[in-house]
Amino acid sequence: MYLVKAGKLKLVQINEEGREIIIEVIGPGEIIGEEALFQKEEQKHLFSAIAMDEAMVCCFNRNQFEKLLLQNPGLAIKIISYLGQKLYKMTQHFSEVVGTSVKDKLLRLFFKLADVYGRKTSNGIVIELEITQQELGDMIGASRVMVSYALKELRNSGIIIRYGKNYILKPGHCLEKYWG
């Protein structure tokens, strides 16, 4: 199990065609590999983690983790809560992607990224994460070309703008629902 202390990691799978699919972007305080702690035998890795910037992670093996939980039962409750939230988010994500347009998937992704990496400014919510169109496509299961078209629609609608290497969600457009 790995605990991210600093930086951002993208969790990726490679499909049969050799295309990278980004499952999630995680940052400080998040855990990966926890499913291995609950397996009796070695399992095939479901994904790889790739640092998006300078990162620092701490590694725990099963014995170290079990000892830590026995010494600190309150930590076990926090881990269970964290895993429950992670399962909820994953279930929500799958229900959102079925039968949804690329534009809608992309907009939902921007709302999620804004929730984690967003900073409120007078121009809107700046998503402080450098991410390419290809990576956006990999995160929503769409081609870079389709993402490009969807981004153009969102820009033309005044929902999003590109500022340097970041995206900004403009005021209005349901931002109040997420940002008050």
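User: Leaving aside neighbours within four places in sequence, which residues is F110 in contact with?

Analyst: This is a predicted model, and the contacts are read from its heavy atoms, with a pair counted when such atoms lie within 4.5 Å. Once the neighbours within four places in sequence are set aside, the residues in contact with F110 are I127, L136, L151, L154, I160, Y167 and L169.

User: Is F110 buried or exposed?

Analyst: A residue counts as buried when its relative accessible area is under 20%. The relative accessible area of F110 is 0%, so F110 is buried.

User: What kind of aromatic pair do F110 and Y167 form?

Analyst: Searching the whole structure gives one aromatic pair. The ring centres of F110 and Y167 are 5.0 Å apart and their planes stand at 50°, while planes under 30 degrees apart would count as stacked and those over 60 as edge-to-face.

User: Which residue has its charged end over the ring of Y167?

Analyst: Y167 itself counts as buried, at 3% relative accessibility. Over its ring, 4.3 Å from the centre, sits the charged end of R162.

User: Which element supplies the largest share of the largest nonpolar core?

Analyst: This core has 28 residues, and F110 and Y167 are among those that touch the most other members, as are L106, L113, I127, L136 and L169. At least two residues come from each of strand 3, helix 3, strand 8, helix 4, helix 5 and strand 10. The largest share is nine residues, and the element that supplies it is helix 3.

User: How is helix 3 placed relative to helix 5, roughly parallel or roughly perpendicular?

Analyst: Residues of helix 3, including L106, L107 and F110, meet residues of helix 5, including A150, L151 and L154. The two helices pack with their axes 9 Å apart and at an angle of about 75°. Angles from 65 to 115 degrees fall in one class, which means that helix 3 is, relative to helix 5, roughly perpendicular.

User: How many residues of helix 4 are buried?

Analyst: The buried residues of helix 4 are E135, L136, G137, D138, M139 and I140. Helix 4 is mostly covered, since out of its eight residues the number buried is six.

Note on methods
Residues are numbered from 1 along each chain as its sequence is written. This is a predicted model: local features need pLDDT of at least 70, side-chain atom pairs count only at pLDDT 80 or more; totals for chains, interfaces and linings use all residues. Side-chain values use heavy atoms; hydrogens and water are left out. Rings of Phe, Tyr and Trp (its six-membered ring) pair if their centres lie within 6.5 Å; planes under 30 degrees apart count as stacked, over 60 as edge-to-face and the rest as tilted. Buried means under 20% relative accessible area, exposed over 50%, partly exposed in between (1.4 Å probe, protein chains only). A charge sits over a ring if NZ of Lys or CZ of Arg is within 6 Å of the ring centre and within 35 degrees of the ring normal. A nonpolar core is a set of buried Ala, Val, Leu, Ile, Met, Phe, Trp, Tyr and Cys residues joined through side-chain atoms within 4.5 Å. Helices (H or I, at least four residues) and strands (E, at least two) are DSSP runs, numbered from the N terminus. Axes are lines fitted to C-alpha atoms, for helices over the stretch in contact, and angles run from 0 to 180 degrees between N-to-C directions. Angles under 35 degrees count as roughly parallel, over 145 as roughly antiparallel, 65 to 115 as roughly perpendicular and the rest as oblique.
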